[in-house]
Amino acid sequence: MKAFLIAAALAPALALGSAAAQQSVRTGPTAPELAPGRQVYAQWCAPCHAAGPRLAGTMSLQAKYQGEVPAALEDRTDLSAPVIAHFVRNGVAWMPPFRRTEISDADLAALSAYLTAPLERRGAHAPLLADEMAVLPQGGRP
Ligand code: HEC
């Protein structure tokens with residue numbers, strides 16, 4: 001039963017092949033000053049926006065942009081701090097608004113610094129949690 005559920009959950013991932021193809025190479029360490037923002041991203045955003053299949057945010061943005069921009073938020077270079085703040089505080093579709101008790105203004109600033117930094121300073125993709133990786137092929141790595 002469990003194997004069936006996992007197989008069923010992975011089926012839509014096949015449609016996201018092109019999203020994987022356009023990901024930029026992300027290796028190496030994260031610049032030290034970006035580490036706090038990367039941590040905020042890993043905790044609050046990666047579960048929906050990581051560079052893997054079957055994640056609500058990544059799938060939605062793949063459908064929205066059709067590959068014009070990377071589907072994974074962490075690979076985007078076109079986001080600005082005001083845009084990030086708007087979506088984080090207001091939410092959109094299935095994305096909930098985040099309160100200041102969840103993501104403080106300081107955390108939001110750190111998150112924005114991370115998501116707007118040059119790709120080579122962001123380092124490797126933020127890892128997913130064990131239970132998120134369990135349902136993804138290759139442990140959730142692109
Ligand atoms: C529960 C899942 C979920 C979580 C958690 C989540 N998002 Fe989203 N997010 C979405 C979905 C779904 C969309 C796309 C909605 C649509 O189709 O326009 C989205 C859209 C966005 C967009 C708009 C991008 C664009 O170009 O339209 C931004 C920016 C964004 N999210 C940032 C974040 C950040 C930063 C976090 C972490 C603080 C986060 N999201 C957490 C689901 C999520």
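1. Basis of the note. The model is a predicted one, in which local features need pLDDT of at least 70 and side-chain atom pairs count only at pLDDT 80 or more, while totals for chains, interfaces and linings use all residues. Residues are numbered from 1 along each chain as its sequence is written.

2. Overall fold. Read from the N terminus, the order of elements is α-α-α-α-α-α-α-α. Of the 142 residues, 27% are buried, a class that requires 20 or more other C-beta atoms within 10 Å of the residue's own, whereas exposed residues have 12 or fewer and partly exposed ones fall in between, with C-beta atoms placed from the backbone. Among contacts between residues at least 6 apart in sequence, 73% join residues at least 24 apart; a contact here means that two C-beta atoms, placed from the backbone, lie within 7 Å.

3. Packing of H3 and H6. Helix H3 (residues 35-49) packs against helix H6 (residues 105-116) at an angle of about 100 degrees, with the axes 7 Å apart. That makes H3 roughly perpendicular to H6, since 65 to 115 degrees counts as roughly perpendicular, under 35 as roughly parallel, over 145 as roughly antiparallel and the rest as oblique. The axes are lines fitted to C-alpha atoms, for helices over the stretch in contact, and the angles run from 0 to 180 degrees between N-to-C directions. From H3, Pro36, Gly37, Arg38, Val40 and Tyr41 meet Asp107, Ala110, Leu111, Ala113, Tyr114 and Leu115 of H6. By class, this contact comprises eight nonpolar, one polar and two charged residues, where Ala, Val, Leu, Ile, Met, Phe, Trp, Tyr, Cys and Pro count as nonpolar, Asp, Glu, Lys and Arg as charged, and the others, Gly among them, as polar.

4. Pro36 and Leu111. Pro36, in helix H3, is partly exposed, with 16 C-beta neighbours inside 10 Å. Pro36 and Leu111 are 75 residues apart in sequence, yet their C-alpha atoms are 7.5 Å apart in space. Leaving aside residues up to four places away in sequence, Leu111 touches Gly37, Val40, Tyr41 and Ile84.

5. Ligand shell. The ligand is surrounded by 23 residues, of which the closest are Cys45, Cys48, Gly57, Ser60 and Met95; a residue belongs here if its C-beta atom, placed from the backbone, lies within 6 Å. H3, H4 and H5 are the elements that give two or more residues to the shell, and the shell divides into 19 nonpolar, three polar and one charged.

6. Arg54, in the loop between H3 and helix H4 (56-65), has a positive phi of about 70 degrees although it is not a glycine; Arg54 is partly exposed, with 18 other C-beta atoms within 10 Å. Gln66, in the loop between H4 and helix H5 (81-90), likewise has a positive phi, near 50 degrees, but Gln66 is exposed, with 11 other C-beta atoms within 10 Å.

Conventions: Helix = DSSP H or I, 4+ residues; strand = E, 2+ residues; numbered from the N terminus.
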